[in-house]
Amino acid sequence: MAEFVRDVMTPGVVAVRPDASLVEAAQLMRAQDIGDVLVASDGQVIGVLTDRDIALRAVADGADPLTVSAEAVCTPNPVVVAPDDAVSDAVGLMRDHAVRRLPVVEDGHPVGMVSLGDLALAQDPASALADISRADPDSWPGIHQA
């Protein structure tokens with residue numbers, strides 16, 4: 001069983017500038033087949049922007065996603081973990097803060113993400129959540145994946 005966050009995290013980071021439009025962020029999410037991006041400035045994480053944030057904090061209120069910035073709707077100052085933190089600590093933070101993803105930060109710079117699905121795969125590979133996390137995503141009609 002994995003002991004440290006580095007053993008279960010998804011390495012690498014997908015980030016946008018704070019002034020990126022929600023359309024830019026959503027297009028990046030689609031291209032990378034992910035549900036969130038970090039909002040970063042000068043290599044520092046200042047927020048996490050999810051597809052849900054875009055839908056509920058902007059589109060549902062009638063905001064123009066071309067003119068609203070990622071920083072305006074992201075969750076600021078997210079809870080983060082370090083690669084050398086225990087997996088159990090990441091689980092506890094997710095539980096305590098009711099989040100499904102945690103940026104992994106080393107020396108102040110983002111190096112990856114750990115998700116609920118990553119933890120399910122590591123902790124309980126036979127679980128339904130692990131099965132879902134392993135599955136290839138369906139493609140949307142009219143969207144061609146490379």
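I began with helix 2 (residues 22-32) and looked up what covers its buried residues: the cover includes strand 2, strand 3, strand 4 (44-50), helix 3 (51-57) and helix 4 (70-73). Here, covering rests on contact, meaning heavy atoms within 4.5 Å. Helices (H or I, at least four residues) and strands (E, at least two) are DSSP runs, numbered from the N terminus.

I noted that this is a predicted model, in which local features need pLDDT of at least 70 and side-chain atom pairs count only at pLDDT 80 or more, while totals for chains, interfaces and linings use all residues. Residues are numbered from 1 along each chain as its sequence is written, and side-chain values use heavy atoms, with hydrogens and water left out.

Which residues of helix 2 are buried? I found L22, A25 and M29, where buried means under 20% relative accessible area, exposed over 50% and partly exposed in between (1.4 Å probe, protein chains only). These buried residues fall within an arc of 65 degrees seen down the axis of helix 2, so they line one face of the helix; the arc is that of the directions from the helix axis to the C-beta atoms. The face turned away from the buried side carries the exposed residues R30 and A31. D33, with a positive phi near 55 degrees, follows helix 2.

Four strands form an open sheet in the order 2-3-4-5, with mixed pairing; strands pair if DSSP finds at least two bridges between them. Strand 2 (15-16) and strand 5 (75-76) are the edge strands. I recorded A15 as standing opposite L38 in strand 3.
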